[in-house]
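Here is a protein model to look around in.

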Amino acid sequence: MTWWEQPDDAAYGLATLPYGVFSCADAPSRVGVRVGDHVLDLSEVALALGHEHADVFAAPSLNALMDLGPQRCREVRAWVRELFVDDTYQQLVERQLRRVTDVRLQLPFEVADYVDFYASESHASNVGKIFRPDSPDLPPSWRHLPIGYHGRAGTIVVSGTDVVRPNGQQRPGPDGVPRFGPSSKLDIECEVGFVVSGSTAPGTSVRVGDAGDHLFGVVLVNDWSARDIQAWEYVPLGPFLGKSFATSISAWVVPFEAFAHAQVLLPGQDPPVLPYLQGQTDRDVFGLDVHLEVRLNGSLVSAPEFRDMYWSPAQMLAHLTVNGATLRTGDLFASGTVSGASPDTYGSLLERTWNATDPVTLADGTSRGFLEDGDVVTMTGWAPGPDGTRVTLGEVRGTVTPARGTGA
Ligand code: CA
């Protein structure tokens, strides 16, 4: 069937074909596609074959590819797949394959605006219990709209980038003076991110049923969070410096089309949502059957299931634009921490260790409430593809490095 031979359940098989941007000593940044442990240089292949869109693969980001629009992007994906199916391409393709360990992976797209949602009921309830024990777990709007905030696009970094422990203000001690210094409650949030393509006009909005026209691809996201900074600053305007120092995304963007076999019904929304958040059919308002794993220094600490999310990606996009705010290519919105009902599916250490009161034990015998300097966090994920195959989400990995001097 294909000259590219790999077991069906192998990582980065032909059901995935994610795009990324790579460079190496003899090649400036360009677009590649991941297959197994290799990257195919699409720039060179497209040039050799006289592909009509060869220029988009020579670009140092995926934005030009995304700007081709959904129909052209589907055609490009079909062409990429054909390169591994039709053996007339075999020699050319094999010449342009590089080991992924031999290239430098770059931030895959120019991030335009970044929004982070809060779409897991378990996560929102858990955070409510921990941060606001005297109030209801969920704010009154939570079941009526997907709550979100605008994050900092400029500090989104590619997987593999070290994350410096942030300095900041924390709750005052008994003397009433805010503490200042390195966060001692540095945390992770395991999330799924959606990369947007295409622009919209001011004053218009994207309907739930049309969201697919703007959902280019999927990345894994680690929304690093300093809980002590967050707890002191977040009322009433929400997350600010406790989140904005770094957000890591995977180097690989999996085309949204790859998730056609992973669409599932949402767990259920009660009360019914307003009409602009409803699709024409149930199929418009779908969840995704994405299985996630979070490892801390190699030890599995959580296995969240994205299908547990209360709000669907299409509803998030519809809500994001319902006020007429424009979209542009490179916008990124993330789901919020993915947490299920049981502690072993909680996607943050805040929840997993219940604010460090119930630490997790790692394989080396040490335990963690929050992250220590030198800790390595790795998030991975997969979804069902056609015929027993797997769609591999790009991994997102980061190492915590010590805080810099405060200059004080
Ligand atoms: Ca988050």
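What follows is a short tour of the cores, a sheet and some aromatic rings.

A quick note before we start: this is a predicted model, where local features need pLDDT of at least 70, side-chain atom pairs count only at pLDDT 80 or more, and totals for chains, interfaces and linings use all residues. Residues are numbered from 1 along each chain as its sequence is written, and side-chain values use heavy atoms, with hydrogens and water left out.

Let's begin on the inside. In soluble globular proteins, nonpolar side chains tend to be buried together. A nonpolar core here is a set of buried Ala, Val, Leu, Ile, Met, Phe, Trp, Tyr and Cys residues joined through side-chain atoms within 4.5 Å, and buried means under 20% relative accessible area with a 1.4 Å probe, protein chains only. The largest such core has 69 residues, and F194, F259, L317, F333 and L371 have the most contacts inside it. Helix α8 (residues 313-321) gives the most to this core, with five residues. Helices are DSSP runs of H or I with at least four residues, strands are runs of E with at least two, and both are numbered from the N terminus. Another core, of 41 residues, lies apart from the largest one; L14, V76, A153 and A334 are among its members.

Now zoom in on F333. Contact means heavy atoms within 4.5 Å, and beyond its neighbours within four places in sequence, F333 touches residues including V115, F117, F194, L317 and L320.

How about the rings? Rings of Phe, Tyr and Trp (its six-membered ring) pair if their centres lie within 6.5 Å; planes under 30 degrees apart count as stacked, over 60 as edge-to-face and the rest as tilted. The structure holds 14 aromatic pairs. One of them joins F117 and F333: the ring centres are 5.9 Å apart and the planes at 85°, so the pair is edge-to-face. F117 sits in strand β6 (residues 114-117) and F333 in strand β22 (residues 332-334), so the pair ties together parts that are 216 residues apart in sequence. Both residues, F117 and F333, are buried. They also belong to one aromatic cluster with F194, F256, F259, F286 and F306.

Finally, look at the open sheet of five strands, which run in the order β9-β26-β25-β20-β21 with mixed pairing. Strands pair if DSSP finds at least two bridges between them. The edge strands, β9 (163-164) and β21 (299-302), each pair on one side only.

Methods. Buried < 20%, exposed > 50% of the residue type's maximum accessible area, 1.4 Å probe, protein only.
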